[in-house]
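Have the sequence and the 3D view open as you read.

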Amino acid sequence: MSADIKRSVSLYSYQDEYYNKQLDLEGCLRETAKTGATGVELLAEQMIRRFPLPIETEEFREQWFGWLQKYGLTPSCYDAFLEFKLYDNRTLTLSEQVNMMKRDIRLASLLGFTNLRTLVSTPMNVIEGSLEYAEKMGVRIGLEVHAPFSLNSSWADGYMEMIQRTGTKYFGFIPDMGIFCKNLPDVVREKWLRRGAKPECVKIVDECYLERVAKGFTKIKYDLNLGKANMEYRMANGMGEMMAAVEKAGGKEADMGYAFESFVFSWSDPQDLIDNIDYIYHTHAKCYNTHEDYVETATAIPEVVAAFKKAGYQGFLSTEYEGGEHLRADSPVDSIEQVRRHQEALRRAIEG
Amino acid sequence: MAGRQYYNPEAFRNVTEDGKVIGYSFEIKAQYYRGITLSIIRDLKVTVDGETADRENVRLTINGVMFTLEECRTVIDSDYRWEFGDYATVTVLKEGGLTDGPHHILCHQSIAPSYMPFTVEADCEADFTI
């Protein structure tokens, strides 16, 4: 099948303007439309006040669909947060969690979404317990594949086994392009330099990252204890040696901070997208800093888009701007401009 | 979310009840990127001029209703979500409140989104005048 790659914006991207009350929900939709994107991804718990009650009302839904029509937008993905530790003294039972997942599937459907993002912390049996309802409602559950996780890994194999065992067409993956970082984002590097990191230590961290990319990352294993799995993954990818090198070069707190944060980013071969295309329903086009020349600092837009074209991808690339958190302590954040540039970068890659 | 200034600069004041100053209050935004139920707030520590308030003396007011931190543990209703980007009022019971003049505040928020293996901790400091 020939590819039909569409562009979307996750309203997560506009969080700084929303926090400062410069944009409300409609303002975010208006800015999304201005970028030329045709899809919108929503975090209902972020921008719908008194969640989830308004979604149950016809009045709100009329307004929502009215806005979508006015701005020419299609709902691309509903981002759910399974709050299974709603209380501090216990974890919700399996039934409670399944009911919460079904509630979110229903809310997504009420707002016109056919994809729902769930987080890696969602237990497998909660997903499995929701599949029948997801199919009934026509909403596909997509597990976000966010660094340090990756496709074609023993972590993903656990989910693939479930897909094959159940034969479901209502569960798959939502890769986050943070797993396709060819180098570390410049806004992260600059943040640590402002905090006093030494150029020679920064160089060690940058070179180690490029080495990991060149060598190929050792992938994370499936483990319900995510903290343990993450630490093993970091050690297998040379964190111990890198920390020692930074320390030997006189690394202090800021240098160690940069070294440690470098493991938040990862590189996977874009071939992973082609291999798993039947199970990829949506994509978070993560971005950190897109320059005036429309080059994103870290994520491999051309390579990812090329892989999706080859695979015949039919879904959205949904801009998820996350550079703001590295800037906001020291300088203003302009998410509107960053999203605009990133959408243009995507457009050029898709149409080019 | 790290690094945001989260106080309302206009909202530092003493709180009077029945003609007596019973404490002080200020307004802050939650340091996270979505609205939350109060039940996932693990702690709010308030230190003014080096003096940290006891947990039982800290109150949080959302939508006109004041909760103790102990009560917050079970508050999940939609009417009392701490909405993203909205100020909530923090009241600290302290007989006589704060003296007129300049003060320094450090507030520590601890919020526990279920999917994170750790709590989101955010400190914010400010100088203000009563």
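The side chains of A:Glu83 and B:Arg34 meet in a salt bridge, with 3.1 Å from N to O. A salt bridge here is a side-chain nitrogen of Lys or Arg within 4 Å of a carboxyl oxygen of Asp or Glu. The rule finds seven salt bridges across the interface of chain A and chain B.

Before going on, a word on the ground rules: this is a predicted model, where local features need pLDDT of at least 70 and side-chain atom pairs count only at pLDDT 80 or more, while totals for chains, interfaces and linings use all residues. Residues are numbered from 1 along each chain as its sequence is written, chains are lettered from A and ligands numbered from 1 in the order in which they are written, and side-chain values use heavy atoms, with hydrogens and water left out.

Back to the interface. How many residues of chain A are in contact with chain B? It's 29 residues of chain A, in contact with 31 residues of chain B, where contact means heavy atoms within 4.5 Å. The area buried between the two chains is about 2,700 Å², and carbon and sulfur atoms give 48% of that. Buried area is the accessible area (1.4 Å probe) that two parts lose on being put together, summed over both.

Now for the strands of chain B. Helices (H or I, at least four residues) and strands (E, at least two) are DSSP runs, numbered from the N terminus, and two strands pair if DSSP finds at least two bridges between them.

| Strands of chain B | Bridges | Residues standing opposite |
|---|---|---|
| Strand 1 (residues 13-17) and strand 2 | five | B:Glu17 and B:Lys20 |
| Strand 2 and strand 7 (residues 87-93) | seven | B:Tyr24 and B:Val92 |
| Strand 3 (residues 41-48) and strand 8 (residues 102-111) | seven | B:Ile41 and B:Ile111 |

The hairpin of strand 1 and strand 2 of chain B has two residues between the strands, and B:Asp18 takes a positive phi near 50° there. Strand 2 of chain B (residues 20-29) has seven of its ten residues buried, so it is largely enclosed by the rest of the structure. Buried means under 20% relative accessible area (1.4 Å probe, protein chains only).

Chain B also has an open sheet of four strands in the order 4-3-8-9, with antiparallel pairing. Strand 4 (51-52) and strand 9 (120-129) of chain B stand at the edges with a single partner strand each, so one side of each has no neighbour in the sheet.

Note on methods: Buried means under 20% relative accessible area, exposed over 50%, partly exposed in between (1.4 Å probe, protein chains only).
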